[in-house]
Amino acid sequence: MEYNYDEESVKALITWAETAQLPQEVTLSEAEHITDAKVYARANINDIKAHSFDTFYK
């Protein structure tokens, strides 16, 4: 599977993430337990917005 990182695709993903109904807690693995999924998602959305089109991070 090939991923698409063009601006339109990234914006669509951000829109989905901002409106998704997330559970309060999520266990990703035995070592990773997210106690507030909404805060976790917001932090990742902010990172994407800040760096998604910065050539250094590509």
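The model is predicted, and its protein chain averages a pLDDT of 90, with 97% of the residues scoring at least 70. A search of the whole structure finds 3 salt bridges, and a nonpolar surface patch of about 500 Å² is made by M1, Y3 and Y5.

**Confidence by element**

- Among the elements of the protein chain, the lowest mean pLDDT, 92, belongs to helix α1 (residues 7–19), whereas strand β2 (residues 32–34) has the highest, 96.

**Helix α2 and its faces**

- Helix α2 covers residues 37–51, which makes 15 residues, and the distance from its first C-alpha to its last is 21 Å, close to the 21 Å expected at 1.5 Å a residue.
- Within α2, the residues A37, A41 and I45 are buried, and because the buried residues of this helix fall within an arc of 70° when seen down its axis, they line one face of it.

- E7 and K11 form a salt bridge in which the closest N and O atoms are 3.0 Å apart, and since the two residues are 4 residues apart in helix α1, about one helical turn separates them.
- Both partners are classed as partly exposed, E7 with a relative accessibility of 43% and K11 with a relative accessible area of 48%.

**Salt bridges between the two helices**

- The side chains of R42 and E18 meet in a salt bridge at 3.6 Å, N to O; R42 lies in helix α2 and E18 in helix α1, so this pair ties together parts that are 24 residues apart in sequence.
- R42 is partly exposed, with a relative accessible area of 35%, and E18 is also partly exposed, at 36%.
- K49 forms a salt bridge with E18 as well, and here the closest N and O atoms are 3.0 Å apart; this pair links distant parts of the chain, with K49 in helix α2 and E18 in helix α1, 31 residues apart.
- K49 is partly exposed, with a relative accessible area of 47%, and through salt bridges that share partners, E18, R42 and K49 are joined into one network.

**The nonpolar surface patch**

- Y3, one of the residues that make the patch, is placed in the segment before α1 and is exposed, with a relative accessible area of 55%.

Conventions:
Residues numbered from 1 in each chain as written. Predicted model: local features only at pLDDT ≥ 70, side-chain atom pairs only at ≥ 80, totals over all residues. Heavy atoms only, no water. pLDDT = per-residue confidence, 0-100. Patch = residues over 30% accessible without salt bridge, like charges linked within 9 Å, V, L, I, M, F, W, Y side chains within 5 Å. Areas by Shrake-Rupley, 256 points an atom, 1.4 Å probe, with all protein chains shown as cover. Salt bridge = Lys/Arg side-chain N within 4 Å of Asp/Glu carboxyl O. Buried < 20%, exposed > 50% of the residue type's maximum accessible area, 1.4 Å probe, protein only. Expected span 1.5 Å × (residues − 1). Arc of directions from axis to C-beta.
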